[in-house]
There are 2 protein chains.
Amino acid sequence: MDALTEVQQQLYDWLIDYIRQNQHSPSIRQMMRAMGLRSPAPIQSRLEHLRNKGYIDWTEGKARTIRILKPMGIPILGAIAAGSVVEAFTDSVEQLDFSSSLLRPGDYALRVRGDSMIDALIDNGDVVIMRPVQDPQALKNGTIVAARVNGDGTTLKYYHRKGNQVTLKPANRNYKPIETPAMEVEVQGVLVGMWRGYNPVAS
Amino acid sequence: MDALTEVQQQLYDWLIDYIRQNQHSPSIRQMMRAMGLRSPAPIQSRLEHLRNKGYIDWTEGKARTIRILKPMGIPILGAIAAGSVVEAFTDSVEQLDFSSSLLRPGDYALRVRGDSMIDALIDNGDVVIMRPVQDPQALKNGTIVAARVNGDGTTLKYYHRKGNQVTLKPANRNYKPIETPAMEVEVQGVLVGMWRGYNPVAS
DNA sequence: GACTTTATGGTACAAATGTTCTGTGAGAAG
DNA sequence: CTTCTCACAGAACATTTGTACCATAAAGTC
């Protein structure tokens, strides 16, 4: 990714902020005013530079169609020590992207009920993000899947297959694995992510 | 939230899909063509209905400025049993929202290093989403915070305060709590969420 | 100095676009 | 039946808006 000049960076930062707040891109004359300019031409020029450098894109001739190509999300500022006190904030620019790369169309979420996956650090109340499987044959052993056995109900388990025998293992010693023919198992999705929300105002 | 007529629902669904894919709202004539109409007036009418019912909003007179008011995200299809096989998919319409309500401007993420929060089900490599604290005095005991002690480094710990004494407790018996005067503790954020990504193609 | 890139101001134009108005018709509610 | 709401077509208009062109100037590069 090419570097930006100062004014290009200013416009780019403002653009991202505007789109985040308003859910749509501004018009060129809006950017003109925001940058303190009195002509649309400089904005046009900066936008073309931003496009040439791969930061943005838009549909030519159409109003307010600028797209941010770099993933949007919240910045991962650095690493935090959960062991001993070691690391401080850095100026890392890694981004946690919720919009495009992590989630795909078709993904869905499930709220976890129960504690059978507790050893996999998935708790009751957590939200798991699942992705439908196109090719059940390509499923790797050890992946966590949402599977329905015998039309009964959907459970979250480790998936293990040996020949035509499938074992669904919970991550909790108090529960027993389910062993059944592959025919009986309908894999509804593989685990791609997990979200746990905290309420900061709790006592 | 008021109910929608069939054509209104169609337009609304198409709108959400379009905005999700293109990062900007379509024009009225685009919607017209997508709905198979030959006049912009019906779209105008449907949009006003959607606005009156609280689903969308836009800036009058400006092109492509429609905003979706209902949170966007991926649908939470239901609950999944992690204990025993109990629940099936439902037609729940709850949404896991990554764009507006869960995350706020100013939020940032940190990648967790170490295992001191393992008993809180936060693992090495997880990404925690933190929110800056406006009023450190209002911090409740028991919340998980990113705190810097004595200018040393930032750690993720449970926050407990008693008078002017602050205790930062790890969620791992192998580590000891840090006890220090409140003066020495700089709380950089409270935990509002946690994300763990899985790679479905792993063996 | 000559040349290129970038930044800026000003103006102009065609296309895109939101909006309004008129008229017609279907269906539900009273 | 009357009334109301909603849906659709067609046309027209004013504004917004992307784009192009011309000219000036500052800064860096050769």
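**Close-up views of a predicted protein–DNA model**

B:Arg173 is exposed, with a relative accessible area of 75%, where exposed means over 50%, buried means under 20% and partly exposed lies in between (1.4 Å probe, protein chains only). The structure is a predicted model in which local features need pLDDT of at least 70 and side-chain atom pairs count only at pLDDT 80 or more, whereas totals for chains, interfaces and linings use all residues. Residues are numbered from 1 along each chain as its sequence is written, chains are lettered from A and ligands numbered from 1 in the order in which they are written, and side-chain values use heavy atoms, with hydrogens and water left out.

View 1. B:Asp119 counts as partly exposed, at 45% relative accessibility. Side chains of opposite charge can pair when their charged atoms come close. Over all chains, a search of the whole structure finds 10 salt bridges.

**View 2. B:Arg67 and B:Asp57 meet through their side chains in a salt bridge of 3.2 Å, N to O.** B:Arg67 belongs to strand E2 (residues 67–68) of chain B and B:Asp57 to strand E1 (residues 56–57) of chain B, so the pair ties together parts that are 10 residues apart in sequence; helices (H or I, at least four residues) and strands (E, at least two) are DSSP runs, numbered from the N terminus. B:Arg67 is buried, with a relative accessible area of 18%, while B:Asp57 is partly exposed at 25%.

**View 3. In chain A, A:Arg148 forms a salt bridge with A:Glu186.** The closest N and O atoms of this pair are 3.5 Å apart. The two residues lie in distant parts of the chain, with A:Arg148 in strand E7 (residues 144–149) of chain A and A:Glu186 in strand E11 (residues 185–197) of chain A, 38 residues apart. A:Glu186 counts as partly exposed, its relative accessibility being 42%.

View 4. Of the atoms of DNA strand D that come within 4 Å of the protein, sugar and phosphate account for 65%; a residue is near a molecule or strand if one of its heavy atoms lies within 4 Å of it. A polar side-chain atom of A:Arg29 lies 3.0 Å from a base oxygen of DNA strand D, and one of A:Trp58 lies 3.5 Å from a phosphate oxygen. A polar backbone atom of B:Arg38 is 3.0 Å from a phosphate oxygen of DNA strand D. Helix H2 (28–34) and helix H3 (40–52) of chain A, together with helix H1 (6–22) and helix H3 (40–52) of chain B, are the elements that give two or more residues to this surface. The largest share, 4 residues, comes from H3(B). By class, the surface near DNA strand D divides into 9 nonpolar, 8 polar and 8 charged residues, where Ala, Val, Leu, Ile, Met, Phe, Trp, Tyr, Cys and Pro count as nonpolar, Asp, Glu, Lys and Arg as charged, and the others, Gly among them, as polar.

**View 5. Around DNA strand C there are 27 residues, of which A:Thr5, A:Val7, A:Arg46, B:Ile28 and B:Arg64 come nearest.** Sugar or phosphate makes up 60% of the atoms of DNA strand C within 4 Å of the protein, and bases make up the rest. Phosphate oxygens of DNA strand C lie 3.1 Å from a polar backbone atom of A:Arg38, 3.2 Å from a polar side-chain atom of B:Gln44 and 2.4 Å from an N or O atom in the side chain of B:Arg64. H3(A) gives the most to the surface near DNA strand C, with 5 residues. This surface has 11 nonpolar, 8 polar and 8 charged residues.

**View 6. The largest nonpolar core has 32 residues, and A:Val145 and B:Val145 have the most contacts inside it.** A nonpolar core is a set of buried Ala, Val, Leu, Ile, Met, Phe, Trp, Tyr and Cys residues joined through side-chain atoms within 4.5 Å. Leaving aside neighbours within four places in sequence, B:Val145 is in contact (heavy atoms within 4.5 Å) with residues including B:Met130, B:Leu139, B:Leu168 and B:Val187. A second, separate core of 28 residues includes A:Ala171, B:Met117, B:Leu156 and B:Ala171.

Key
A salt bridge is a side-chain nitrogen of Lys or Arg within 4 Å of a carboxyl oxygen of Asp or Glu. A polar contact is a pair of N or O atoms within 3.5 Å; within protein, one must be able to donate a hydrogen and the other to accept it, and residues adjacent in sequence count only if both atoms are side-chain atoms.
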